[in-house]
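Hello,

Here is the structure I promised to pass on. Please open it first; my notes follow below.

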Amino acid sequence: MEIVYSDNRIVVAVKPAGVISTEVPGGMPELLRQQLNTDCIRTVHRLDAQVSGLMVLARSAMAASLLSRQIRDHQFHKEYLAVVHGHPPASGTLCDLLGRNRPRRFTFVAQTPGKGIQEAKLFYEVLDRCEGYSLVRIELETGRTHQIRVQFASRGWPLVGDRKYGIGGEDVPIALWSWRLRFAHPEDERTMDFKLLPPRQAPWSWFSRFPEA
């Protein structure tokens, strides 16, 4: 597993597609404990199993608690890159009420508030376009399950390669990449800012305008 940064409190690594981000056999914490030969690796934020990109994990209980507090207080900054079908407006804020069908593991847009319904909000900016597709940068304000995938799909802009909410039959991985993390280091509060662009393969290779890493 590619490790971008590591010290005695945190590790920033690139999660491969297909690896679970939480504490399960074969998940990110277990794999990193083996790779770093350490006893403590704790997940503080999640990525969908099919999604790749940057993750930060804690290397102590205190670090996990402090990073989790930053997430709750909206002081933990996450940005994603995605390739979507269609051509959304140049930029915008998407706000929805999202519900979750747990037996089906399916998130949906709800029309009215109710039990288990949560507000979801994100900002996006279109970086580049090609015929029928758009490359977008996304900043999450909330972190609901499958939020990005559902909010774009519900507007007719499903993510390329999304077999659950998108168009079937696409022979490419889901085009969602965790490209930037910014947070305060849990030990000394210095700003940590990590950026990593996705690999230059389809569908990312369809575009030329990416943010500066």
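What pattern does the protein follow, read along the sequence? The pattern is β-β-α-β-β-α-β-β-β-β-β-α-β-β. The radius of gyration is 17 Å, close to the 17 Å that the globule rule gives for 213 residues, so the protein is as compact as a globular protein of that length. That radius is taken over C-alpha atoms, and the globule rule is 2.2 Å times the number of residues to the power 0.38. The protein has three helices and 11 strands. These elements are DSSP runs, numbered from the N terminus: helices are H or I with at least four residues, strands are E with at least two.

Ground rules. This is a predicted model: local features need pLDDT of at least 70, side-chain atom pairs count only at pLDDT 80 or more, and totals for chains, interfaces and linings use all residues. Residues are numbered from 1 along each chain as its sequence is written, and side-chain values use heavy atoms, with hydrogens and water left out.

Overall numbers

The C-alpha trace spans about 45 × 45 × 30 Å along its principal axes. Of the 213 residues, 46% count as buried. Buried means under 20% relative accessible area, exposed over 50%, and partly exposed in between (1.4 Å probe, protein chains only). Among contacts (heavy atoms within 4.5 Å) between residues at least 6 apart in sequence, 61% join residues at least 24 apart. There are 28 positive and 23 negative side chains, and the centres of the two sets lie 6 Å apart. Lys and Arg count as positive, Asp and Glu as negative; His and the chain ends are not counted. Each charge is placed at NZ of Lys, CZ of Arg, CG of Asp or CD of Glu.

Two histidines

His146 sits in the loop between strand S9 (133-140) and helix H3 (147-153). Its relative accessible area is 10%, so His146 is buried. A polar contact of 2.7 Å links its side chain to that of Tyr165. Such a contact is a pair of N or O atoms within 3.5 Å; within protein, one must be able to donate a hydrogen and the other to accept it, and residues adjacent in sequence count only if both atoms are side-chain atoms. Beyond four places in sequence, His146 is in contact with residues including Asp48, Arg100 and Arg105.

His77 belongs to strand S5 (residues 77-85). His77 is buried too, at 18% relative accessible area. Its side chain makes a polar contact of 2.8 Å with that of Glu79. Leaving aside neighbours within four places, His77 is in contact with Glu139, Arg180, Leu181 and Arg182.

Arg9

Arg9 lies in the loop between strand S1 (3-6) and strand S2 (10-15). Arg9 is partly exposed, with a relative accessible area of 29%. A polar contact of 3.2 Å joins its side chain to that of Glu187. Among the residues that Arg9 touches, not counting those up to four places away, are Leu57, His185 and Pro186.

Backbone points

Which residues have a positive phi without being glycine? Arg105 is one of them, with phi near 55°. Glu189 is another, at about 65°. Arg105 lies between strand S6 (91-101) and strand S7 (106-110), in the loop. At 61% relative accessibility, Arg105 counts as exposed. Glu189 counts as exposed at 64%. The peptide bond from Ala202 to Pro203 is cis, with omega near 5°. Pro203 is found in the segment after strand S11 (191-195).

Best wishes
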